[in-house]
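Here is a short briefing on one protein model. Look at the structure first, then read the points below.

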Amino acid sequence: MAWARGSVSAPSTARLRLAEYLAYSDGSDTRYELVAGELVPMALPTGRHVQIQKFLSQVFEAEIARQQLPWTTIQGGLGIQSPRGSHRWDTVRIPDGVVLPLEQWQEMGSREALIRPEDPPPLLVVEVVSESSRAADYRAKRAEYCVLGIGEYWVVDPLEEKVSLLLLHEGWYDVLELKGSERLPSKVFVGLELQAGEHDSSQ
């Protein structure tokens, strides 16, 4: 994500280090991920994409409140620095949804909203698939989030009407592909009553 606090600008073909990325601004509202030092613009999401983000955020917040958990949900406003290319060029992902301890989020109040590799990993990360993000959501981010030790990763795919639930086990993700009325057996939100297709019936 290109945080607005900086004034550094660069041609789209330039490669940026992490500090340059965090200070980057091109004067527009475009958000960027950083992939191996290159700025990758995030396409304007569809209404359906935004609806799914909002619905899942509300579900997670309700479950946090119900179970009285010291956590919070961030919807599309938190960067995760990837271990990819850590000795050459940096990569920063901006998931569609993140669940993390409230204390960890509050500590970012005076700095960039960025989780670095040395920080505790998020409890859960969600990516909502679009045509432009399909390859990264299913492949690159899966590998990166695995290395970071993120215990639970949801790939919500409205294009194929399924949810891939990835649970970290012995250093790699076990994958459950769920559709329709199949329940999502979250390990983070134990006892969560949510069906794979429920997000598309929400308003």
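Glu-63 and Arg-66 form a salt bridge, with their closest N and O atoms 2.5 Å apart. A salt bridge here is a side-chain nitrogen of Lys or Arg within 4 Å of a carboxyl oxygen of Asp or Glu. The model is predicted: local features need pLDDT of at least 70, side-chain atom pairs count only at pLDDT 80 or more, and totals for chains, interfaces and linings use all residues. Residues are numbered from 1 along each chain as its sequence is written, and side-chain values use heavy atoms, leaving out hydrogens and water.

**The pair in helix H2**
- Glu-63 and Arg-66 are three residues apart in helix H2, so about one helical turn separates them.
- Helices (H or I, at least four residues) and strands (E, at least two) are DSSP runs, numbered from the N terminus.
- Glu-63 counts as buried at 8% relative accessibility, whereas Arg-66 is exposed at 53%.
- Buried means under 20% relative accessible area, exposed over 50%, and partly exposed in between (1.4 Å probe, protein chains only).

**Salt bridges around Lys-141**
- Lys-141 forms a salt bridge with Glu-127, the closest N and O atoms being 3.3 Å apart.
- This pair links distant parts of the chain: Lys-141 is in helix H4 and Glu-127 in strand S8, 14 residues apart.
- Lys-141 is buried at 4% relative accessible area, and Glu-127 is buried at 2%.
- Shared partners join Glu-33, Arg-93, Glu-127, Asp-137, Lys-141 and Glu-144 into one salt-bridge network.
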